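Please look over the chain shown below before reading the notes on its strands and helices. The briefing is arranged by topic.

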Amino acid sequence: MKLKQYFQTIQVKLVIIYLLLILVAMQLIGVYFISAVKASLVNNFTNNLKEQADILAKFAAPSLSPTIDSDTDPSDNTSEDLNLVVRNLFSISGAEVQVLDANGKIVATSLQLHQSYIGQKNKSLAVSRALQNISDNEEEYIEEDGSRKKMIAVPVTHNDKIVGAVHIVASMTEVYDTMNRVNQIFFSGTIIALGLTGVLGVVLAHTITHPIQGLTRQAELVAEGHFDMKAPVLGNDEIGRLSMAFNEMTIRLKEALSANEEENEKLISVLSNMSDGVLAVDENNQVIVWNKRALELLELGTLQDKVMPEVLELSKEQVEFLQQGRTQIFIIRRDSPDYDTSSEEDSILKVTLSPIHRRDRGITGAIAVIQDVTDQEKLEISRRQFVANVSHELRTPLTTIKSYAEALNDGALEERELSERFVGVISNETERMIRLVSDLLHLSRLDSNQAPLRRQQTNIQEMLDEVADRFSFQLRQKRITATVKVGKGIRNLWLDRDQIDQVLDNLVSNAVKYTLDGGKITLAAMKSREHAYIDISVQDSGIGIPAKDLSKIFDRFYRVDKARSRNMGGTGLGLSIAREIVKQHGGKIALESELNVGSKVTFSLPLLQEGGKSK
């Protein structure tokens with residue numbers, strides 16, 4: 001990775017550029033230079049052969065021309081002389097020189113090994129062309145052993161008549177050896193030039209990149225918040241002026257950031273210490289400022305790149321009102337569209353939305369202040385519901401008492417049997433109101449912590465057995481089977497016996513009421529899955545509770561079947577009281593039920609030592 005980064009630096013790039021320029025220049029020069037040298041050497045070699053061939057042709061012309069009165073072949077008279085001349089005067093290194101007569105027969109040859117060819121006819125095409133007085137008879141070819149050779153055929157004329165030809169075949173090995181030496185010299189020169197260019201390129205590139213590296217380090221320090229160091233100014237060139245401008249920019253940036261940080265500290269201090277959530281948006285409703293409390297109330301991790309209509313669930317009308325510069329106050333209910341006081345997860349937020357005005361631009365944004373009014377709203381709703389429930393619970397018995405009292409006053413008192421029945425109804429309704437008021441007082445004491453726990457060591461087996469005994473008469477009446485189960489290792493538990501008895505009595509009473517004849521009830525105490533807890537449960541095979549009512553069953557005055565529950569003498573506060581008692585013991589209570597199958601209420605109590613300390 002470091003090697004890759006190094007090759008991406010400007011210094012390496014500059015050196016590579018220098019090397020590429022030199023390489024390209026040397027290649028271009030080499031192509032033209034070597035081509036010119038090659039052409040020159042080949043032309044000189046060819047011209048040398050032609051000159052010698054011409055000289056030999058002029059020298060051999062008289063010898064090859066036949067006399068007018070002679071019928072003998074001139075080759076017989078001159079062969080020996082021409083051979084002597086060709087071998088001694090016209091010997092070319094690595095070449096064979098042949099002199100031919102007008103019929104193409106070899107008269108003389110420069111090679112001793114080819115003396116036997118004298119008198120034989122040379123059937124070469126170049127020789128035939130030369131005997132026909134055709135010029136430009138030269139050819140370059142490659143032998144089977146890879147050697148290059150040059151062939152030239154020159155006509156021999158005497159008195160404008162073709163009397164023979166000179167045929168030369170010369171090796172070009174020396175020419176191409178010379179070319180190879182030139183190529184090697186040029187290649188070596190290129191390597192040396194590239195090496196020197198690389199060294200000079202590194203030196204020159206360093207003079208350029210060193211100031212840039214200094215500026216880069218200074219920029220990194222500025223990015224990290226170090227504004228005290230200055231970039232070195234090494235000259236008055238472009239890089240030097242850039243360094244001076246960078247130093248000036250650093251000074252101004254330091255001053256601007258100092259002022260900005262001071263303002264931000266003030267703003268952050270104000271926003272952080274606010275108990276309400278605050279967020280600000282620009283003219284495009286993009287959230288630009290918020291505090292931690294706003295994130296907590298809106299249950300969001302961040303408001304970055306969020307828009308206010310989405311965050312606050314604003315309608316189109318509310319957005320239009322905001323654009324018109326109107327202040328708005330509205331309520332947001334979160335987690336549940338249908339608010340209910342029994343749901344602890346619901347929250348109610350009060351949002352005050354105010355536009356931000358600028359004199360020259362109009363509305364440039366908005367400020368939203370978010371307040372958590374869940375407790376106040378729940379308390380208000382709880383008060384209203386409590387008053388309504390108490391009024392409803394008291395109205396029925398009071399109405400009954402009033403109507404029966406009026407009936408007695410109107411003459412029913414005279415009839416003994418009827419008056420006794422009316423008095424009995426009035427007495428029952430009075431007892432019912434007394435139970436209701438007692439339960440309300442008990443709940444009030446639990447809510448205000450005015451009913452302190454009186455813990456004592458209690459045997460769980462005995463406690464459950466006594467509860468079953470207390471309801472033995474009602475159980476026999478409905479032929480209900482009661483079973484008590486206590487897990488192994490469960491004996492004593494520190495608790496308020498009276499209050500837990502009240503919880504068990506309430507649960508068993510409900511189980512007896514809503515279990516059909518011949519059913520069964522199970523009281524059990526088992527170790528909880530959670531460490532240091534005991535689960536005590538009351539399970540019946542009764543009519544069960546619909547699933548839609550399970551979440552509200554512990555609410556005060558809540559009844560699944562209101563008419564039936566009231567006729568059975570229930571106040572609707574029994575389970576609420578049980579929940580509060582269990583909470584005071586540091587436990588929790590839950591209900592499981594299936595319609596027409598049965599219900600199971602389980603409350604968990606912590607295992608405590610004497611004095612109320614956890615084990």
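In what order do the five strands of the open sheet lie? The order is β7-β6-β10-β9-β8, and the pairing is antiparallel, where two strands count as paired if DSSP finds at least two bridges between them. This is a predicted model, in which local features need pLDDT of at least 70 and side-chain atom pairs count only at pLDDT 80 or more, while totals for chains, interfaces and linings use all residues. Residues are numbered from 1 along each chain as its sequence is written, and side-chain values use heavy atoms, with hydrogens and water left out. Helices (H or I, at least four residues) and strands (E, at least two) are DSSP runs, numbered from the N terminus.

- The edge strands are β7 and β8 (328-334), each of which pairs on one side only.
- From one strand to the next, the twist averages 25°, with axes taken as lines fitted to C-alpha atoms, for helices over the stretch in contact, and angles running from 0 to 180 degrees between N-to-C directions.
- Strands of a sheet pair through backbone hydrogen bonds, either parallel or antiparallel.

- Strand β6 (residues 277-282) is mostly covered, since six of its six residues are buried, buried being under 20% relative accessible area with a 1.4 Å probe and protein chains only.
- G277, L279 and V281 point one way from β6, whereas V278, A280 and D282 point the other way, and all are buried.
- With strand β10 (residues 362-372), β6 pairs in the antiparallel sense over six bridges, and V281 has A366 as its bridge partner in β10.
- With strand β7 (residues 287-290), β6 is joined by three bridges and runs antiparallel, and L279 stands opposite W290 in β7.
- The hairpin of β6 and β7 has four residues between the strands, and N285 there takes a positive phi near 65°.

**Strand β8, strand β9 and helix α9**
- Strand β9 (residues 347-358) is joined to β8 by seven bridges, the two running antiparallel, and I331 stands opposite K350 in β9.
- Helix α9 (residues 316-323) packs on the sheet, where it touches β8, β9 and β10, and its direction makes about 150° with that of β8.

**Position T190**
- T190 lies in helix α5 (residues 173-223) and is buried, with a relative accessible area of 5%.
- Leaving aside neighbours within four places in sequence, T190 is in contact with L23 and M26, contact meaning heavy atoms within 4.5 Å.

How values were computed
Buried < 20%, exposed > 50% of the residue type's maximum accessible area, 1.4 Å probe, protein only.
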